[in-house]
Amino acid sequence: MVINEKNGDEPEQEDNRRLEPDVIARGNILASFTDSKEARELINNLKLVHEDLILQETAIQKFTVIMNTYQEQPHLLDPHLEWMLTSLLDIIRDEASPPSLVHLSFKFLYIISKVRGYKTFLRLFPHEVVDVHPVLDMLMRQNPKDYETWETRYMLLLWLSVTCLIPFDLARLDGNLSSLEGCTRVPIMDRILTVAKSYLVVSDKARDATAVLVSKFITRPDVKQKRMADFLDWTLSTLSKSSFQSIEGTIVMDGMLQALAQLFKHGKREDCLPYASTVLECLDNRKLSESNETLLRKLGVKLVQRLGLTFLKPKVAKWRYQRGFRSLAANLQFSAGGAVAQKTINATAVTEQEDVEEEYDIPGEVEHVVEQLLIGLKDKDTVVRWSAAKGIGRLTGRLPKELADDVVGSVLECFSFQETDNSWHGGCLALAELGRRGLLLPSRLSEVVPVILKGLTYDEKRGACSVGSNVRDAACYVCWAFARAYDPLELRPFVNQISSALVITAIFDRDINCRRAASAAFQENVGRQGTFPHGIDILTAADYFAVGKIANCFLNISVYIAGFPEYTEPMIDHLVNMKIKHWDGVIRELSAKALHNLTPQAPEYMTCFVLPKLLPLAVGTDLHTRHGAILACAEITHALSKLAEENKRSSFLNEKILEGLKQIHVELCHRQLYRGLGGELMRPAVCTLIEKLSISKMPFRGDPVIGDWQWLINDSLRSLHLVSSSTRKQIKESAVSALAALCNEYYCLKEGEAHPVQQDELVKQYMSELQSHEEMIRCGFSLALGALPRFLLKGKLQEILESLKKVTCISSKDVIFAESRRDGLKAIAKICMTVGVKGEGSPTEFVCKNNVAQIYNMLLDGLNDYTTDSRGDVGAWVREAAMTSLMEVTLLLTQNEPALIDPNVCKKIMCCLAQQSAEKIDRYRAHAGSVFLTLLYFDSPPVPHIPHRDDLERIFPRSEAVTFNWNAPAQAFPRITPFLGLPTYQYHVLTGLTVSVGGLTESTVRCSSQCLFDYLKGIQNNVNALSSFCETLLQVFEDNLLNDRVSVPLLKMLDQLLANGCFDIFVAEENHPFPMKLLALCKEEIKRSKDIQKLRSSTAVFCGLIQFQGDMRKKVLFQLFLLLCHPFPIIRKTTASQIYEMLITYSDIADPDIIEEVMRILSDTNWDAELPFVREQRNYICDLMKVPKPQLVAKST
């Protein structure tokens, strides 16, 4: 929220004479300038660094960082400014200082002035008579076009603006103007003016400093007499000739406008008044309001207000409202009903005893100025509106009461429904300024407060978003300003309205900045006014941080505040009137849930007023309103039914409301509002309504509407493939939830059984839909079967499981249907949870010994789903669902019939989970790890048959089971690799690690490979353990031959293992079976392969295998030389490069002379050349290395 004046526009001193100073709270408060020692060292070292550009840049960067630390507390620099300025000016004044050192010193000066502000800095510059000529001469020597030294010119102009204030006629400094050569020297007054004119049109920041110089220099008594008129003529002439259509013209106009604005701000009224009309006329002719340049429009508004203040006499309006002495203690006494606040010391309003205002004519130009400022209030940019608002406040303070009231009336016209959000925002800022200055009399509050209340809820839809957050923020600023401006007695009639509106904005506004602004305004009113109901209690609950999370505001804070009767109905009314038709769907949903939570506070109000109002809206014409109203009806009805049940009373709802709730679906269906894009909102909304009405046990059993609702649920599930992907999930979940609630309430007969015909028809229909060619239809009806209640599943369990098995199996037709397989697995688990477990029961009714193996097989098969498509590893969705379902079913059996858990099944579950927890995708690794530890540490009772339970509990201490972060590779893999020492888990964990070590994600590869190397290093001296690891590794390779998902990462992993010497124990033994079999598997893997990545990885593995002794080397070299003539040039080049590196590393494989010759050929040959040439070179290498030359095999025809 805007609470401090900006843009350098200072309010008039007399306007703020009685205003209480702002109390500024800051975070991270510093106590003092703690970096003074480092700053002094940097300044003292300038002479050492100025010649080296790198050192110079480093020094500037360090000094900037130091100074920027104090950007929010610049006053801490004040005790140190003098010594910093003196040190830098000593360098500048030293005639021996080279230009580079002088410019560097000025850069440091600029950095300090930027942080502290030039106004404070100006006072510290030396401003003796002797300083005028040196500063001016130095400035004259500068090159205005040197873009690297603009800081020098900027600071010199500021320095000159101080030195030119010496209290002597400048003519006395000129001396004898004629020189010996007979040429006349230019007077110092003209020299300064020439400098000012030249720098007012430059494109850098020196232009801003020149405007300050002009305001100080032209207003000197001697200069204004001789040069003010000429300077204004030049300025207006230059302004008239310039155009804001070009960049150059914009720069020139900016300089002129800044100069004029500063001049009329600091000049005396009697000096400026003769020229004000001419300047205003010139300004009108330029039509700055039509410019696209924000800065020009802002400066235009700034100048207009200064001209207006020049036309009016500088006096304090005697009619203005003055609150007088303000005390927090008095406020608290007032709120407690004390008599202190009744005394007149607390408020001084306009009375009949005031002195009669001095009569004087208001110039006609003032009306034009006010008109321009009112136009500025509607500008498209905030800075322009803000400047216009301050201008309105300043100008109104000098007008007679009647004219000032007209201005207030004109400002109120900004709040017409025909005006834009810019006009509303500017109007709010103007009202805040008027109120802050005591210019908005209490008599006007009855008109102003309703406008501000509208501003607090202003929100207009524009396309896909809305505008109005700035209006609501500014309206909060008005409430904040009024709290400081008015006596509690004046605002007492409006307390309930303002407090309710601020509370509503603080908890129900969509934008966090508006919620926080409203909270701050509410806090200010509680402290200053002391009349807001339950102010302290509400502030405690809805403070700055609490309102930061929107869900917390709607669902929790709102319930607490609604407990105070003054706020209950206004909050409910706001949700019903404003928020349920909000353009943002999230807000509509939160509003409906908030109404659910608020219903217990006012059940009768909800029944008698809210629901009758919502029912027509639920079948209205506006889509968003209809959506929000349906959700609100559902939530309120549900809340009323719970309340009636808790209080053991009859329903709150009468027949009319019940009929209205039934008619919502009928009306929407009749008007075909379930079709198209609108239907994507209506379907989930009405499904939610069906769910809530069913849960609320509405008396609709046997009513035709039940069949209509069932049709809608089925149609929604059948139409999932026709809706957009963004709403598909919501429609599916809403329909499934509605189905579960509907069946539970309306399909169950009194004896707890289902109607046989109805059950048979429903289940058969749903099972038939599982064979659909549309994936989304399979998804919807799989979950629908999973949501059916037990009485509908009774006798049908085996048929349903068989149907779901077809959904979860991968076939050639539906291999890409990963989402349907995921939802099928979820449905299986839900069905198992619903029907329960009975070991000797019927497989058509329970999970029993006859079907538990089938269920486990379906779920375990899901863990092998690694389907990929354009979306990536979509099989991960299936694996995640399979892991969750396995956990749920296993825990269900553990709690009811642990004997049904087969040891081999449990072993397979734990091994598969261990494999998933070693794989590369963080999210699914974390899910697998969480499921693994849940099964391991389940205690009521423990899951039976978990292999190596004691070892696992040692690897994962129970105390870390909850806090362990599986997402972090650095934490997960050190715990996974010890599994390699457990025979049961070794194969599966190594399979998972292979994918991680040979993956692409750097952090995963680094952590997993390092942990694997550490494990292998630990078993180097254990031949049995290493041999077991190697056998498992070969088995993994053999089982995944030509499976690129595993084989390509496996080749990368083998390359790393060979390069890190993990198999050194086998190197000395000739023809060890491990490298021999590894070589055979590698050859088989790349046979006829065209996969570049695979071929390059295999080349690296072959080079690593050269370290093994015996016949291996000849076979490896043969494979490498074979790849030297591969059809792909990139493979030939890669192979040549890797053979070259291999020969450097393993130089013992041939005589040194031969090695050198082979390396020469490898490096000199262009392996991109044609194959016949490359083949000659390769064959020559084969002869040198005594390796059989590969022979071309004729293709069979």
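Analyst: α51 passes α53 in a left-handed crossing, a term for a near helix turned anticlockwise from the far one by less than a right angle (clockwise is right-handed). This is a predicted model, in which local features need pLDDT of at least 70, side-chain atom pairs count only at pLDDT 80 or more, and totals for chains, interfaces and linings use all residues. Residues are numbered from 1 along each chain as its sequence is written, and side-chain values use heavy atoms, leaving out hydrogens and water.

User: Why is α51 called roughly parallel to α53?

Analyst: Helices α51 (residues 1073-1086) and α53 (residues 1112-1123) pack at about 15 degrees, with axes 11 Å apart. Angles under 35 degrees count as roughly parallel, so α51 is roughly parallel to α53.

User: Which residues make the contact?

Analyst: From α51 come Pro 1075, Met 1076, Leu 1079 and Lys 1083, and from α53 Met 1112, Lys 1115, Val 1116 and Gln 1119 (contact: heavy atoms within 4.5 Å).

User: What makes Lys 648 count as exposed?

Analyst: Its relative accessibility is 79%. Exposed means over 50% relative accessible area, buried under 20%, and partly exposed in between (1.4 Å probe, protein chains only), so Lys 648 is exposed. Lys 648 has a positive phi of about 55 degrees without being a glycine, and lies in the loop between α31 (623-646) and α32 (655-670).

User: Why is Lys 287 called partly exposed?

Analyst: Lys 287 has 45% relative accessibility, so it counts as partly exposed. Its phi is also positive, near 50 degrees, in the loop between α14 (269-286) and α15 (294-311).

Notes: Helices (H or I, at least four residues) and strands (E, at least two) are DSSP runs, numbered from the N terminus. Axes are lines fitted to C-alpha atoms, for helices over the stretch in contact, and angles run from 0 to 180 degrees between N-to-C directions. Angles under 35 degrees count as roughly parallel, over 145 as roughly antiparallel, 65 to 115 as roughly perpendicular and the rest as oblique.
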